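Let's take a walk through this model, helix by helix and then strand by strand. Have the structure open while you read.

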Amino acid sequence: MNLYLRLIWAAFRSWRLPAIEAGDWIERRLRVLPNDLDINGHMNNGRYLTIVDLMLVEYFVRSGFAQAMLRAGWRPMSGGAFITYRKGLKPWQRYRLRFTLAGADAAWNYMRFEFLREDGTLCAAGYMKGTAVARNGLVPNVDSYARMGRRFEPQPLPGPVRHW
């Protein structure tokens with residue numbers, strides 16, 4: 001399946017799933033497809049972060065952030081990501097991707113993600129930071145949370161992202 005089809009499917013599916021609160025974990029069961037593979041016969045290292053982007057779409061939609069951004073004319077922006085690989089994922093292998101908001105400061109939201117085999121073995125994990133961008137620059141979290149009808153309170157940042 002093409003990634004554009006995966007993106008459309010992720011967005012469509014997300015609109016039909018229950019709403020979530022910031023900090024809730026979401027989880028998706030997936031399978032390694034042939035176009036996810038590298039020459040070594042396992043999931044390509046870059047594909048992990050592409051799949052994380054698809055999960056981010058779901059998190060944005062289900063948390064209400066996507067609707068707030070669209071109404072305000074904002075765009076999502078990633079400020080970086082890092083990932084640690086532990087075990088490979090083989091062709092057609094099923095895996096779970098877990099995803100949550102792990103912390104937030106005045107401008108950035110820090111998302112934790114974990115790729116797990118069906119037996120619970122951690123294959124890869126990391127963090128991504130993102131925010132909304134308006135024409136005049138980064139949108140403060142106070143404003144983006146207010147657009148969602150929520151009060152923003154900075155959350156402690158996990159150790160691995162404090163240097164960001």
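## Around Tyr48 and beyond

Setting aside neighbours within four places in sequence, Tyr48 is in contact with Met43, Ile83, Tyr85, Lys87, Gly88, Leu89, Phe115 and Ala124, where contact means heavy atoms within 4.5 Å. Before going on, some housekeeping: this is a predicted model, in which local features need pLDDT of at least 70 and side-chain atom pairs count only at pLDDT 80 or more, while totals for chains, interfaces and linings use all residues. Residues are numbered from 1 along each chain as its sequence is written, and side-chain values use heavy atoms, with hydrogens and water left out.

Tyr48 itself belongs to helix α2. Helices here are DSSP runs of H or I with at least four residues, strands are runs of E with at least two, and both are numbered from the N terminus. Is Tyr48 buried or exposed? It counts as buried because its relative accessibility is 2%; the cut-offs are under 20% relative accessible area for buried, over 50% for exposed and partly exposed in between, with a 1.4 Å probe and protein chains only. Arg135 sits 87 residues from Tyr48 along the chain, and their C-alpha atoms are separated by 30 Å.

## How the helices meet

Start with helix α1 (residues 3-16) and helix α2 (residues 45-63): their axes come within 8 Å and cross at roughly 25°. The axes are lines fitted to C-alpha atoms, for helices over the stretch in contact, and the angles run from 0 to 180 degrees between N-to-C directions. That angle makes α1 roughly parallel to α2; under 35 degrees counts as roughly parallel, over 145 as roughly antiparallel, 65 to 115 as roughly perpendicular, and the rest as oblique.

On the α1 side, the contact is made by Leu3, Arg6, Leu7, Ala10, Ala11, Arg13, Ser14 and Trp15, and α2 brings Arg47, Thr50, Ile51, Leu54, Val57, Glu58, Val61 and Arg62. Sorted by class, that contact of α1 with α2 has nine nonpolar, two polar and five charged residues. For these classes, Ala, Val, Leu, Ile, Met, Phe, Trp, Tyr, Cys and Pro count as nonpolar, Asp, Glu, Lys and Arg as charged, and the others, Gly among them, as polar.

Two members of this contact deserve a second look. Ser14, found in α1, is buried, with a relative accessible area of 2%. Not counting residues up to four places away in sequence, Ser14 touches Glu58, Val61 and Arg62. Thr50, over in α2, is partly exposed at 27% relative accessibility.

What about the next pair? The axes of α2 and helix α3 (residues 65-72) come within 4 Å and cross at roughly 80°, which makes α2 roughly perpendicular to α3. Phe60, Val61 and Ser63 of α2 meet Phe65, Ala66, Gln67 and Met69 of α3. This contact has five nonpolar, two polar and no charged residues.

Ala66, in α3, is buried at 10% relative accessibility. Leaving aside neighbours within four places in sequence, Ala66 is in contact with Phe60 and Val61.

## Over to the strands

Arg96 has its place in strand β3 (residues 94-104). Why does Arg96 count as buried? Because its relative accessibility is 15%. Its side chain is joined to that of Glu27 by a polar contact of 3.3 Å; such a contact is a pair of N or O atoms within 3.5 Å, and within protein one must be able to donate a hydrogen and the other to accept it, with residues adjacent in sequence counting only if both atoms are side-chain atoms. Among the residues that Arg96 touches, beyond four places in sequence, are Arg28, Glu114, Leu116 and Gly120.

Met111 is found in strand β4 (residues 109-117) and is buried at 5% relative accessibility. Beyond four places in sequence, its contacts include Leu56, Tyr59, Phe99, Leu101 and Tyr127.

Finally, Trp92 lies in the loop between β2 (75-85) and β3. Its phi is near 70°, a positive value in a residue other than glycine.

Here are some C-alpha separations to check on screen.

| Pair | Apart in sequence | C-alpha to C-alpha |
|---|---|---|
| Ala66 and Met148 | 82 residues | 9.4 Å |
| Met111 and Val61 | 50 residues | 15 Å |
| Thr50 and Ala102 | 52 residues | 19 Å |
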